[in-house]
Amino acid sequence: MSMRRERINVSIDSERGVFMISVAAELAHMHPQTLRTYEARGLIEPKRSPKNTRLYSQRDVERLRRIQRMTSEQGLNLAGVETVLGLEREVEKLRAEVARARHRIEKLEARPEG
């Protein structure tokens, strides 16, 4: 008897918490305790199920992989990772502020003079 394999593609909202800690750890190539450490440090904030189980999203897993690269390949300690992630948040806030300012300037420049 031959079995036919069929590949199924599933699309999941990258923000939706769907992976339990053991699966997220495996996907991120790390030990579940490492995830708990990152959570305790505020580097990752998994969603919680109604029964308070940690649920990680695809975006969380990507962030975990990125943290792993920063620590293993780039030699940063967790304090360095916290600093980098904090600076990135600030840069994103500033980019949004600049975009809003540019939009206001464009609106003002588009006004008829009078």
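Which residues does L78 touch, not counting residues up to four places away in sequence?

Modeller: L78 touches T37, Y38, R41, L43 and T71, once residues up to four places away in sequence are set aside. A contact here means heavy atoms within 4.5 Å.

First, the ground rules. This is a predicted model, in which local features need pLDDT of at least 70, side-chain atom pairs count only at pLDDT 80 or more, and totals for chains, interfaces and linings use all residues. Residues are numbered from 1 along each chain as its sequence is written, and side-chain values use heavy atoms, with hydrogens and water left out.

L78 is found in helix 4. Helices (H or I, at least four residues) and strands (E, at least two) are DSSP runs, numbered from the N terminus. L78 is buried, because its relative accessible area is 17%, and buried means under 20%, exposed over 50%, and partly exposed in between (1.4 Å probe, protein chains only). Between L78 and E90, 12 residues apart along the chain, the C-alpha atoms are separated by 18 Å.

Now take helix 4 as a whole. It runs over residues 78–110. Its 33 residues reach 48 Å from first C-alpha to last, close to the 48 Å expected at 1.5 Å a residue. The expected span is 1.5 Å times one less than the number of residues. At the start of helix 4, a side-chain oxygen of N77 comes to within 3.2 Å of the backbone nitrogen of A79.

Which residues of helix 4 are buried? They are L78, G80, V81, L85 and G86. Their cover includes helix 2 (32–40) and helix 3 (58–72).

L85 shows this well. Its relative accessible area is 5%, so L85 is buried. Leaving aside neighbours within four places in sequence, L85 is in contact with L43, R63, R66, I67 and M70.

Next, look at helix 3 from its own side. Its end C-alpha atoms are 21 Å apart, which agrees with the 21 Å that 15 residues should span at 1.5 Å a residue. The buried residues of helix 3 are D60, V61, L64, I67 and M70. Helix 1, helix 2, strand 2 and helix 4 are among the elements that cover them.

S57 counts as buried because its relative accessibility is 1%. With neighbours within four places in sequence left aside, S57 is in contact with S14, E15, R16, G17, V18 and F19. The C-alpha atoms of S57 and L85 are separated by 18 Å, and the two residues are 28 apart along the chain.

Last, the largest pocket. Helix 3 gives the most to its lining, with three residues.

Key:
A polar contact is a pair of N or O atoms within 3.5 Å; within protein, one must be able to donate a hydrogen and the other to accept it, and residues adjacent in sequence count only if both atoms are side-chain atoms.
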